[in-house]
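Open the model in your viewer and keep the sequence panel beside it.

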Amino acid sequence: MTPIYLPLGNYPSVTTLVSEQAAVRETSGKRDGALRFETVDSEEAFARLGDQWNDLVYTSARPSPFMLHCWLLEWWRFYGEGCRLAVETAYRGEKLVGALPLVTFARGGLRVATFIGARQSCLGDVLLADGEGPEVVEALVARASASDHDYADLFGLAADSRLAALRGSGAIRLFQRIAAPVLDVSGGWPETYRAKTDSRKRSHHKRRRRQLAELGKVEIGHARTIDELEPALEEGFRVHELRWRGRPDGSGLVTATGKRFNRAALRGLAELDASRIVSLLVDGKTIAWSWYFVLGEHGYLHRLAFDPAFARCSPGLVNALDTLESVAGEGVTRVEFLGGAERYKVELADRFEPLHLGLGLSGSAAGRAVVRSRATWLGLRERGKRSGLARKVYYGSAGARNRLARRRDVLRPNGVRRAGD
C-alpha cells in the first residue's frame with residue numbers, strides 16, 4: 001500500500017487539484033478532515049477494506065453488485081494471476097470516502113488498466129461517499145492516470161457514471177456494448193405484468209405452464225440462505241452447461257476456475273443477504289434457474305438458463321416471470337437485466353440504460369495511439385451496426401465465426417482461457 005498525504009509536494013497534479021478546493025471545503029462545513037490518498041497494491045490491504053468499501057457501493061445511485069467487496073476480492077483471488085492491483089483510495093481521517101477499483105495487465109507489450117472483475121464489472125465506476133464532490137473523483141483519476149499503465153480499458157460504464165462525466169485530459173470515450181433493459185416494478189408485479197402483457201401474451205404464458213404441468217409436478221424453488229443457495233448453484237451449473245453445450249459461453253459457470261470463483265462469491269454475497277436463486281422444477285428435477293442480486297430497492301438479473309430438453313415448454317421464460325415476481329415481492333422498485341436485447345426483455349422493459357466500453361486515461365504516447373486506433377475501429381463498427389446489410393452479413397456469419405473463434409474467458413482481463421478450464 002502506497003500512502004500519499006495531501007497537500008504535499010510529492011504529487012503535483014493532485015496536490016494542486018485538492019488545494020484549489022480546500023477553501024470551499026473548510027467554509028462549507030460539509031466535510032471534516034484533509035483528504036489522504038493511498039494506492040492499494042496487495043490482497044492483504046484490499047481485504048481490510050470490506051465494510052467501508054460496501055458502504056460506498058450501497059450509497060451509489062445505481063449500486064453495482066459487481067463492485068461489492070466480496071465479489072472483487074474473490075475475482076482477484078481466482079483471476080488475478082498476471083495482474084497488478086492498482087486500487088486508488090481516498091480517506092478523510094480513517095474513513096474511506098472514495099475508491100477507483102483497478103488492476104493492470106499486459107496486452108500487446110503495453111500495460112492496460114481495467115476494473116477489477118474484467119468484463120463482468122457491470123456498472124463499474126468511481127465509488128464515492130455521500131457529501132463528497134467531483135474533485136475527489138478527479139483526484140483519484142489523476143492518480144490512476146499517473147500510475148504504471150499505458151491506457152485504460154473500462155467495461156460496463158453507464159452513460160451517467162462519474163467516469164463518463166470527466167472532461168479535459170481525463171475524458172474517456174464511450175462505446176455502447178450492452179443494451180441493459182430496465183424494468184420499473186414499483187407498482188408490484190401483478191400490476192406490472194398486466195401493463196406489460198396483453199391477453200394473448202398472458203394466455204401464451206398460461207399455456208406453457210399447463211404444458212409443464214402435464215410433464216409432472218411443477219415446483220418453484222426460492223433460495224436465499226447459504227444452505228439453500230449452495231445446492232441451487234450446483235444445479236445451476238448443471239443446467240447452464242446443458243443450455244450452452246457446444247456453444248460459445250463466457251459466463252464462467254462451466255469452467256473449473258469459474259465454478260470455484262462463483263461458489264466463493266456466493267458465500268460472500270449470502271453474508272450480505274444480496275443473493276437469490278429461483279428454480280423451476282418438474283418432479284423434483286431443476287429444468288430452469290435464475291440467479292439474481294438485491295441491493296436495497298435495486299434488483300439485478302445475473303444468470304438464467306434452462307434445460308434444452310424442455311425447450312418446447314419455454315421453461316426459461318416461465319422461470320424468468322417467476323423470478324420477476326419474486327424480485328418485486330421483496331420491495332424492489334427497479335430491475336436491471338444487465339444484458340442484451342433478447343425478445344422477452346424488450347417486451348417487458350420500460351427503457352434501455354446501456355452499458356459502455358470506456359477508453360482513455362492514457363499514460364504514454366503508445367497508450368494514446370492505441371486508444372485512437374481502437375476508438376476509430378469501434379466508431380466504424382457502431383456505424384456499421386446501423387447498416388441493414390452489415391447486420392445481415394454479421395449475424396449470417398455467426399455460426400462460422402463461433403466455430404473458428406478461440407475459446408475465451410471474459411472473467412480474465414486478457415480474455416484467454418487457461419489450460420484445464
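Some ground rules before moving on. This is a predicted model, in which local features need pLDDT of at least 70, side-chain atom pairs count only at pLDDT 80 or more, and totals for chains, interfaces and linings use all residues. Residues are numbered from 1 along each chain as its sequence is written, and side-chain values use heavy atoms, with hydrogens and water left out. Helices (H or I, at least four residues) and strands (E, at least two) are DSSP runs, numbered from the N terminus. Axes are lines fitted to C-alpha atoms, for helices over the stretch in contact, and angles run from 0 to 180 degrees between N-to-C directions. Contact means heavy atoms within 4.5 Å.

**Stop 1**

Two strands pair if DSSP finds at least two bridges between them.

Next, select 181–184 and 334–336. These are β11 and β16, antiparallel partners over 3 bridges. Show Val182 and find Glu336 of β16 opposite.

**Stop 1: helix α6**

Select 189–196 for helix α6. Which of its residues are buried? They are Trp189, Thr192 and Tyr193. Buried means under 20% relative accessible area, exposed over 50%, and partly exposed in between (1.4 Å probe, protein chains only).

Turn the view to look down the axis of α6. The buried residues fall within an arc of 100 degrees, so they line one face of the helix. The arc is that of the directions from the helix axis to the C-beta atoms. On the other side, Pro190, Arg194 and Ala195 are exposed. The cover over the buried residues includes β11, α7 and α10 (315–329).

**Stop 2: the sheet with 6 strands**

Move to another open sheet, where 6 strands follow the order β3-β6-β7-β9-β18-β10 and the pairing is mixed. Its edge strands are β3 (84–85) and β10 (172–178), each pairing on one side only. Select 151–158 for β9: 6 bridges join β9 to β18, and the two run antiparallel. Show Asp153, whose bridge partner in β18 is Leu359.

Bring in α12 (365–385). This helix lies across β6, β7, β9, β10 and β18, at about 40 degrees to β10. Pick Arg368 in α12. Arg368 is partly exposed, at 41% relative accessibility. Then pick Tyr151: the two C-alpha atoms are 7.0 Å apart, although 217 residues separate them along the chain.

**Stop 3: Thr104**

Zoom in on Thr104 in strand β6 (residues 102–107). Is Thr104 buried or exposed? Thr104 counts as buried, at 5% relative accessibility. Display Arg111 too: a polar contact of 3.0 Å joins the two side chains. A polar contact is a pair of N or O atoms within 3.5 Å; within protein, one must be able to donate a hydrogen and the other to accept it, and residues adjacent in sequence count only if both atoms are side-chain atoms. Leaving aside residues up to four places away in sequence, Thr104 touches several others, among them Gly82, Cys83, Asp148 and His149.

**Stop 4: two leucines in loops**

Select Leu123, in the loop between β7 (110–115) and β8 (127–128). Its phi is positive, about 65 degrees, although Leu123 is not a glycine. Leu123 is buried, with a relative accessible area of 8%.

Go on to Leu361, in the loop between β18 (355–360) and α12. Here too phi is positive, near 50 degrees. Leu361 is buried at 4% relative accessibility.

**Last stop: helix α4**

Select 69–79. In this helix, α4, 9 of the 11 residues are buried, so α4 is largely enclosed by the rest of the structure. Among the buried ones are Trp71, Trp75, Trp76 and Tyr79. Cys70 is buried too, at 14% relative accessibility.
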